[in-house]
Every structure is written in C-alpha cells, then in structure tokens.
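Q: I'm new to this one. Can you walk me through what is on the screen?

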Amino acid sequence: MMHLECSNITYSYPGTDHKVLDALTCTLSRPGFHSIFGPSGVGKSSFARLLADLNRHTFLGKIEFTEIQTVLYSYNLERLPGWSSAGAHLDKVVAKEKEALKQELINIFELSPLLGSRFHQLSMGQQNRINLIRYLLQTFDLLILDESLANVDEKLRQAIILTIKRIFPQKMFLYISHNLMEVSTFCDEILVFGGGSTGKSYGTIQGQNCCSSEAVDRKKVDETMLEIMNAF
Amino acid sequence: MLFRRIYQFLLVYFAGISGLLLVKLLVGLSDYVIPGIPLIFATAGETAKGYFFDVLNTLQVTVLGQVISIILAFTVGIAGRKSSWIGSFIKMIAYNIQAYPIVALAPIIFILLGDGFIPRLLIASMICYFPLLLSVLGVMSSPVKDIEHFYIITGKMRWQLEVKIRAFENLSKLATVISGSATLAMAGAIVAEFIAADAGIGYSIRIALYQSDLAKILVALFMIGIVISIYQGLLESASERIQKAWAISSGN
C-alpha cells in the first residue's frame, strides 16, 4: 500500500541556523488527496521540495516512501516557455497514449479556448491551470500541488479537485493551500504545520474527503475547520 | 532604429567638429593644426570615395571577425554554463583573460603572422570575443528556475532545451551585446590596421597621421562613423525582427 512516513525531520537551509523544519514526524498512510495546511513561513513548501528532491538536500531524520517511485512538485509561479502556444507546449510534453486524458482534462479545466494563446497572455488562474494539467499528464506516484490552484475561481477549483480525485484514485496528492474550507472539505489527511511563539508544532487531522459537492456535510466540515484552527 | 543611429552619430560628429573649430578660434590655431571648414570639405571631395572603400574593407574584417567571435562565444559559453569543474575552469580562464588588454598582444600576432588579412581578423575577433563570451556565459549559466523546474523534475531536460530557454528569456540582452560587439570588432580591426597592415581605413589613417593631416583623419572618422552606424542599425533591426518572429510565430 502506498505510504509516506517522515520521522524527526529537521532541516535548515545551507548557511543558516534557522530550522525550517524541526523534528517533523508525520505519516500519509494511503493514496488520495491529502494536504499540508498552515500559516505562511512554517516550512510547507520547504517540506514539499524536500520530498520532491531528497538527494539535493541535507537533513536530519528519515523519509520513507513505500510504493512511491516518482514524486513531482508543482508550484504556482511556474511558467511555460514563451516561444510556443500553451497547446503546442502541452502536445510536446504529453505522451501520445495520454491524448484522451489530456482532452478530458482540458475540457474540465476549461482550457480549450486558451490553447492557442501564449503563456504570458493568460491570466494567473489560467496559467496555473495549464501548468497543473501538464503535471497531471506525467507519470507520477506522488504529486505535490503547492498553491497550484491559486487565482482559480472557487467553483472551478472545486471541479478540478473533484476531477483529480475521480481520475487518479490510486495516486497520492499533497495539496498546499491557505483555503481552510476547501482543505477541510476535500482533503483526506491534513498535515497541520504550526509555528507559534512556543515553536514549531505538527499534527495530522482527518479531513472530510468529500468526493462530490453534494456529499458535503457542513457541520462536519465546520468541526474539521475548528480542529485545524485549534491545532496551530 | 537605423536612422536613429545615423542621426545620433551625426549629432556627435558635428558637435566634435564644432568643439575643434571653437578651440581653433579661441586659441588662434593655423589650418595646419586644425583645418577650417573649407579645407575639410576640399579634403572630403578628394578622399571620401577612397576612404569609403577603405572602410568597407575594414568592415569586411569586422563582420567576419564578429561572426567568428559570436560562434566561439556561444560554443564556449554553452560548454561553460554548467557548475561542473569544466564550466568553472572555462569561466575562470575567460574572466582572467578578459582582464588583460588583448590589444597589447597585437604586436606578437604581427611578428608571428606578418601583415595582411589574417592578423587583422584575429585581432578584431579577439577584441570582441571576450566581452561577448562573458555575456553569453552569464546568460547561459543563470537558470530560469520557474521554467526549467518542470523539465528537470520530469526528466525531460536536454541541453539543447536548456540553452533554448535561457537564450529565449535573455534574447534582448543577447541582441544588445551582439550589436554592441560590432563596435568592438571594428575597433580591433582598425587597431590592427594602425599597427601593421596594408589595407583598411586604419592603414589610411596611419598614412594621414604621418602627414599630420587632420582633415583627412576627420573625413576618415566620418566614414567610419557612418558605416558602423549603418551596420549597427541593421544589426539592431535584424535582431528586433528575429525577436518578434521567435516570440510570435514559432512553435504553433
């Protein structure tokens, strides 16, 4: 069973004494749409980059992947090269056997009319959708989405998350977002990173993991949100 | 772009001539030291045609020298872009050689190779090569992280793609450096012709210098300025077109 286990991870950027991660221990025990949640500057993105490229970083502790061979990390400030249109770029980086999936994702992500445009001509939300789509069409076991849906409107964001959950049930996703409601509603296991005056704190909270917008139990979502807020 | 270059040169040139004439007037110098306007015009009438062809001769060396420099700078810049030991070694050598005034090596080249086309070409290339190399190295060794990340993490990065991304993202910078290097290449060619050559505008200026004929030198400078302005203007227009074409039409 796909599994990610981190024990006592302590990490500082080279040349600094500041511990970005301090004795972080957490587990993601199954595939699904998980999340890292916490205020800015607590080390969410640093942890994500660490997971994505273990060999490049020196850290204390142990990270164990089970049935996870390929980890991809996408973030919301990425750009596509400017010499070709977004559609031409997608054609180049997507394998032929994934053509049908590509078309399906393009339709759900509402990108069809934008494929002829250059990346810089798109809005930030459109850019993020194009960027996310190219990652979803690669081979991966764990995909980290670091604010990858920033600037996308709420309705479409919800549709995209539900699509990802429907199409990729056997993959593991780690979604970094500052949207408490969204994380509580749609994510499975939520790693909560706290960085208060008493030092760093980490915890795991079970999200509602809703798979359709109708299945949302508002009361339970409120409880999860409260639990997350109290965990800071 | 082309006309702006010529217009700017004419402004600077005539400001310089006016300055000289002002000095002549204030100090009361003779025509022998600083020629008057009629003498400059008379000399221009006699020598302009010959000097024009001399400048074209120098321009041939300039263009060829610049092309060689560009090819070499891109080859070495691309090879030296990595933070491997080879990359660091190339950068270290380039920075150190660049700090040395290459023109001082010109006499050695002439002793070894004699007068003629090859020494002029070599000096013109060498003078514009190192500044070009430093710029190309700077561009090629600076990752464009927000674009390259995807290719690196998905294992799709190839050196050709890396070079293409970095060149595309710094296209205007590279274009400016290339068009600017034309002046350096011409300076190199003229210096080579000053020292030892049997053709080119530098050679003609050397003869005028021996004759202490400032009018001839001023006409030669005018010819050099006009021709290099046209050449740079054409280079800039071409690079602007290439940038537009690459940004708009390719890849679709």
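Q: By class, how many nonpolar, polar and charged residues are in the lining of the second largest pocket?
A: The lining has 13 nonpolar, no polar and no charged residues. Ala, Val, Leu, Ile, Met, Phe, Trp, Tyr, Cys and Pro count as nonpolar, Asp, Glu, Lys and Arg as charged, and the others, Gly among them, as polar.

Q: Before we go on, what kind of model is this, and how are things numbered?
A: This is a predicted model, where local features need pLDDT of at least 70, side-chain atom pairs count only at pLDDT 80 or more, and totals for chains, interfaces and linings use all residues. Residues are numbered from 1 along each chain as its sequence is written, chains are lettered from A and ligands numbered from 1 in the order in which they are written, and side-chain values use heavy atoms, with hydrogens and water left out.

Q: Back to that pocket. What volume does the second largest pocket have?
A: About 250 Å³. A pocket is an open set of points on a 1 Å grid over the protein atoms alone, where a 1.4 Å probe fits, with protein on both sides within 12 Å along at least five of seven lines. Lining residues have an atom within 4 Å of a point. Grid points are joined across faces, edges and corners, and a volume is the space filled by probe spheres set on the points.

Q: Which residues lie nearest the centre of the second largest pocket?
A: B:Tyr13, B:Phe14, B:Ile40, B:Phe41 and B:Phe222, out of 13 lining residues. Helix 1 (2–27), helix 2 (37–79) and helix 10 of chain B each give two or more residues to this lining. Helix 2 of chain B has the largest share, five residues. Helices (H or I, at least four residues) and strands (E, at least two) are DSSP runs, numbered from the N terminus.

Q: And the largest pocket, what is its volume?
A: About 690 Å³. Of its 21 lining residues, the closest to the centre are A:Asp53, A:Arg56, B:Lys145, B:His149 and B:Ile152.

Q: Which element gives the most to that lining?
A: Helix 6 of chain B, with five residues. Helix 7 of chain B, plus helix 1 (44–52) and strand 5 (71–75) of chain A, also supply at least two residues each. By class, the lining of the largest pocket has seven nonpolar, four polar and ten charged residues.

Q: What is the salt bridge count over all chains?
A: The count is 15. One of the bridges joins A:Arg134 and A:Glu78, with the closest N and O atoms 3.6 Å apart. A:Arg134 lies in helix 4 (residues 124–136) of chain A and A:Glu78 in the loop between strand 5 and helix 2 (86–93), so the pair ties together parts that are 56 residues apart in sequence.

Q: Last one: how many helices and strands does chain B have?
A: Ten helices and zero strands. Its C-alpha trace spans about 75 × 45 × 30 Å along the principal axes.

Technical notes:
A salt bridge is a side-chain nitrogen of Lys or Arg within 4 Å of a carboxyl oxygen of Asp or Glu.
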